[in-house]
Amino acid sequence: MERLQKILAAAGVASRRKCEELITSGQVQVNGETVTALGTKADPAVDVITVNGKTIGAEKKIYIMFNKPKGVITSASDPQGRKIVTDYLKGITERLYPVGRLDYDTEGLLLLTNDGDFAHLLTHPKHHVPKTYLATVKGVPHGTELEKLKDGVMLEDGMTAPAEVEYYDVDPDGKQAVISITIHEGRNRQVRRMFEAIQHPVTKLKRISFGGLYLDNLKRGLYRHLSKEEVEELFKQARSAGKPRKR
């Protein structure tokens with residue numbers, strides 16, 4: 001038995017808050033009877049639940065890997081009318097949510113799902129799921145500067161956790177470098193702010209892996225479904241990564 005609003009949200013009817021409004025306004029019926037109390041529980045496997053006369057069922061769980069282009073919003077909508085990630089999910093009728101975020105100017109691997117437990121596990125700070133980026137930066141950072149990133153740097157919202165950092169490509173003229181950086185946190189614009197802290201601002205940023213998943217040859221703007229094994233491995237990794245990594 002689960003709370004009715006949770007059942008409705010899991011079935012993709014609407015957000016949890018909106019589902020609560022549907023219940024209190026008398027638009028939800030359980031076994032033919034209108035229910036308006038938010039504490040009401042039901043069993044979706046046994047009870048017939050309808051919203052405005054339409055029967056709802058347990059929504060199939062969807063797990064997507066998307067190669068987000070630069071200039072796309074990681075959001076379900078944008079008041080400014082800019083492109084959003086779901087504009088690229090042709091053929092998918094389920095309502096999906098991004099797992100974490102990628103900045104407007106950042107491209108690369110983004111996961112989307114309608115499984116709230118999956119999204120929560122992968123984004124909760126205590127789980128430390130690794131995410132790897134290729135950062136193109138101005139100039140070529142000295143090795144001692146990269147060591148600072150490895151040890152953690154002080155940002156306005158506190159010290160960062162240790163990162164894994166290495167040179168990926170260096171411009172012979174010394175004008176720029178591509179640095180591979182793996183972080184285990186999910187702060188806003190974190191990678192960009194880390195490189196700003198060592199005076200080598202990022203000019204291009206691409207996430208190439210999340211957990212054990214890699215972007216590989218998935219083309220920009222396209223998506224693919226995760227396999228059952230990939231989903232199970234991400235669940236396993238998140239649950240087993242509850243302790244911070246040692247330096």
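**A tour of loops and rings**

Select Gln-199, an exposed residue with a relative accessible area of 63%; exposed means over 50%, buried under 20%, and partly exposed in between (1.4 Å probe, protein chains only). The model is predicted, so local features need pLDDT of at least 70 and side-chain atom pairs count only at pLDDT 80 or more, while totals for chains, interfaces and linings use all residues. Residues are numbered from 1 along each chain as its sequence is written, and side-chain values use heavy atoms, leaving out hydrogens and water.

Gln-199 occupies the loop between helix H5 (190–197) and strand E15 (202–210); helices (H or I, at least four residues) and strands (E, at least two) are DSSP runs, numbered from the N terminus. Although not a glycine, Gln-199 has a positive phi of about 70°. Most residues other than glycine have a negative phi.

Next, select Tyr-63 and Phe-118. Their rings form an edge-to-face aromatic pair, 4.9 Å centre to centre with 75° between the planes. Rings of Phe, Tyr and Trp (its six-membered ring) pair if their centres lie within 6.5 Å; planes under 30 degrees apart are stacked, over 60 edge-to-face, and the rest tilted. Tyr-63 lies in strand E7 (residues 63–68) and Phe-118 in helix H3 (residues 116–123), so the pair ties together parts 55 residues apart in sequence.

Tyr-63, Phe-118 and Phe-235 form one aromatic cluster.
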